[in-house]
Amino acid sequence: MNEIGLFIIPIKFDSSIKTYNDYLDLACELENYGYTNLYIGEHLTDKREDIQSSIVFASAILARTKRIKVGLSVLALPHYNIKLLVKQLEDLQKLGNGRLMIGVGPGALESDANYLGINHKNRPEIFSKNFSDLKNQLSISQVFKNFDNRNIFSTILSPSPLKVSKLIQEGYS
């Protein structure tokens, strides 16, 4: 089966999107058109963006849809208490009957870090520690890529619907 997905950029891209419910209606329409994956971004402080919490938004999409997989793209790990995040992801996984996917990263906007009282320059170190903590609680697959002579990695996690305590079974590619 071929898969097709869409990334919902948190910046308003369509004048018909005026409320959160308009985004949710769009997600339902995408599912009806045969889309298999929907990815959601988040930034806390960009005034142009509507979605500040991909976790909250994903919960609404997962509750309204039946088949489409929902990806959190990406969760800035320095922004989260990892133990709390894992519990929230477990709840989302149950709500979506195994349709949740997550991507993780260090975060991009300096204004988001400042808002949370995080030194933006310390994000890579905080990410590494939080990623290590996350790996201790989850079973994941990593994809390593070479970008601009730096070793940049991205991780997409696909929670297991049957092993909530393990949350991630094999990974998603």
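**Salt bridges in the predicted model**

Mentor: Asp 25 has a relative accessible area of 36%, so Asp 25 is partly exposed. Please bear in mind that this is a predicted model.

Trainee: Which residue forms a salt bridge with Asp 25?

Mentor: The partner is Arg 64, and the closest N and O atoms lie 3.0 Å apart.

Trainee: How many salt bridges does the structure hold?

Mentor: It holds 5 salt bridges. One of them joins the side chains of Glu 3 and Lys 69, at 3.6 Å from N to O. This pair also connects distant parts of the chain: Glu 3 lies in the segment before β1 (5-8) and Lys 69 in strand β3 (residues 69-76), 66 residues apart.

Trainee: Are Glu 3 and Lys 69 buried or partly exposed?

Mentor: Glu 3 is partly exposed, at 41% relative accessibility. Lys 69 is partly exposed as well, at 25%.

Trainee: Turning to helix α3, how are Glu 90 and Lys 87 separated?

Mentor: They are 3 residues apart in helix α3 (residues 82-95), which means a separation of about one helical turn. Glu 90 and Lys 87 form a salt bridge, with the closest N and O atoms 3.5 Å apart.

Trainee: And why does Glu 90 count as buried?

Mentor: Its relative accessibility is 8%, and buried means under 20%.

Notes:
Residues are numbered from 1 along each chain as its sequence is written. This is a predicted model: local features need pLDDT of at least 70, side-chain atom pairs count only at pLDDT 80 or more; totals for chains, interfaces and linings use all residues. Side-chain values use heavy atoms; hydrogens and water are left out. A salt bridge is a side-chain nitrogen of Lys or Arg within 4 Å of a carboxyl oxygen of Asp or Glu. Helices (H or I, at least four residues) and strands (E, at least two) are DSSP runs, numbered from the N terminus. Buried means under 20% relative accessible area, exposed over 50%, partly exposed in between (1.4 Å probe, protein chains only).
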